[in-house]
Amino acid sequence: MGRVLAVAAAASLALTACGGGGGDTAAQQSAPASSAPAAAAKGDGTLTLGTVLPQTGSLAFLGPPEFAGVDQAVKEINEAGGVLGKQVATIHTDSGDTTTNIASQSVDKLLGQKADAIIGAASSSVSESIIDKITGAGVVQFSPANTSDTFTTINDNGLYFRTAPPDKLQGRVLGDLIAADGNDTVGILAMQDSYGSGLANQIAKTAEEAGASIVERVDYDPKAAEFSADVAKIKAKNPKAIVLIGFEEGAKVVQELVKQGLTADKVKWYMVDGNMSNTNYLKMPKGTLKGVKGTIPGAEAPDEFRKKLLEVNKDLEDFTYAAESYDAAILLALAAEAAKDDSGRSIAGKLGEVSKGGEKCKTFKDCADLLKSGKDIDYDGVSGPVEFDDAGDPSVATIGVYQYGDDNKYPGKALEYRTGNIAG
């Protein structure tokens with residue numbers, strides 16, 4: 001495995017975080033075009049996008065930017081004339097988290113309303129719980145935020161895609177960063193699920209290859225009432241750095257670290273996309289997270305794009321996975337236009353084609369005009385080039401490295417961006 005990646009120039013010392021929210025928008029997930037089953041029944045002529053994204057639960061802070069990204073995309077698609085001559089319809093639903101059955105109920109609702117594609121879920125574990133129901137119905141599932149490596153080989157009937165890169169890339173970047181910062185002893189606190197365990201494995205592997213030692217690793221129950229025993233195990237090994245891999249419960253883990261004297265000014269903390277947030281730590285004393293670094297997949301969202309999202313939702317604090325959600329909706333619409341059909345299997349069969357190999361284009365209107373003139377297209381998105389490989393994963397991705405300030409928030413520009421091939 002090649003050591004990561006071309007490092008882009010450092011942007012600023014400020015950083016960004018994750019956001020949440022809800023509403024009624026479109027969503028979809030699908031798999032590699034090459035393995036997509038042959039189209040059976042034709043669609044009804046109206047592209048209906050459903051979303052199963054977090055309005056509640058441990059990733060609720062990610063909802064608002066994801067919903068805003070989908071809404072902005074659909075707005076632009078419909079302003080450009082829609083898909084197949086009709087306006088795109090959207091239906092927003094809540095994904096909740098793995099402590100509830102909300103996602104399954106939402107999928108039932110969307111299938112009952114004949115969604116052609118479903119965008120979501122954000123949580124890899126939630127997506128695993130609903131993928132059979134979605135893809136078994138011949139509907140595309142398209143996640144803007146699933147990063148578990150599990151989905152690269154999961155049985156999806158060729159109908160699952162994602163714009164977020166698998167964790168092996170984020171893990172390589174963070175593992176390299178930890179070692180480059182001079183940390184030769186590392187402790188890992190990871191939530192026990194496919195996301196947490198998979199990311200922890202890759203971070204540990206990369207850090208060890210770079211010369212660091214993982215002196216303790218604790219895979220904890222994210223539903224636990226408190227984390228004193230878990231943190232005590234890490235404290236006993238006296239690491240120079242601590243990696244925190246989790247979701248909203250990470251705030252409780254942070255509080256326990258502080259309580260046991262493992263503060264960020266004494267031990268270097270590192271976070272990941274699931275707990276990098278500009279809202280979850282605001283009630284903590286000023287400077288609690290000062291200097292903490294973390295990684296978030298995706299290229300920097302342009303200022304113009306952020307302004308558009310704030311017009312959709314003026315209360316946005318985070319923009320994490322907004323670009324990936326936007327690109328998911330645009331790609332689904334372009335695939336339906338290329339297929340001249342809105343059925344899930346037809347869309348899946350064209351997602352690979354519209355993402356690579358043709359004439360470059362960056363907006364739905366420009367790409368759709370090229371398709372209507374009979375040309376092959378290569379959509380380059382706000383989140384990056386989004387060229388799908390045979391597993392429905394983006395083949396190349398960018399990871400941003402962010403750092404918290406004294407206000408327990410990270411600014412919108414990363415310290416640096418690292419881009420590399422997923423295969424590594």
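**From the sheet to the salt bridges**

Select Val52 first: this residue stands opposite Thr93 in strand 3. The model is predicted, so to speak a computed picture, with local features needing pLDDT of at least 70, side-chain atom pairs pLDDT 80 or more, and totals for chains, interfaces and linings using all residues. Residues are numbered from 1 along each chain as its sequence is written, and side-chain values use heavy atoms, without hydrogens and water.

Widen the view to the open sheet, whose five strands follow the order 3-2-4-5-6 with parallel pairing. Strand 3 (89-94) and strand 6 (160-162) are at the edges; each has a single partner strand, so one side of each lacks a neighbour in the sheet.

Now turn to the salt bridges (Lys or Arg side-chain nitrogen within 4 Å of an Asp or Glu carboxyl oxygen), of which the whole structure holds 19. Select Lys286 and Asp406, whose side chains form one at 3.5 Å, N to O. This pair links distant parts of the chain, 120 residues apart.

Finally, select Lys360, Asp378, Asp380 and Glu387, which a network of salt bridges links. Within this group, the closest N and O atoms of Lys360 and Glu387 are 3.9 Å apart. Lys360 is partly exposed at 49%, and Glu387 is partly exposed at 24%.

How values were computed: Two strands pair if DSSP finds at least two bridges between them. Helices (H or I, at least four residues) and strands (E, at least two) are DSSP runs, numbered from the N terminus. Buried means under 20% relative accessible area, exposed over 50%, partly exposed in between (1.4 Å probe, protein chains only).
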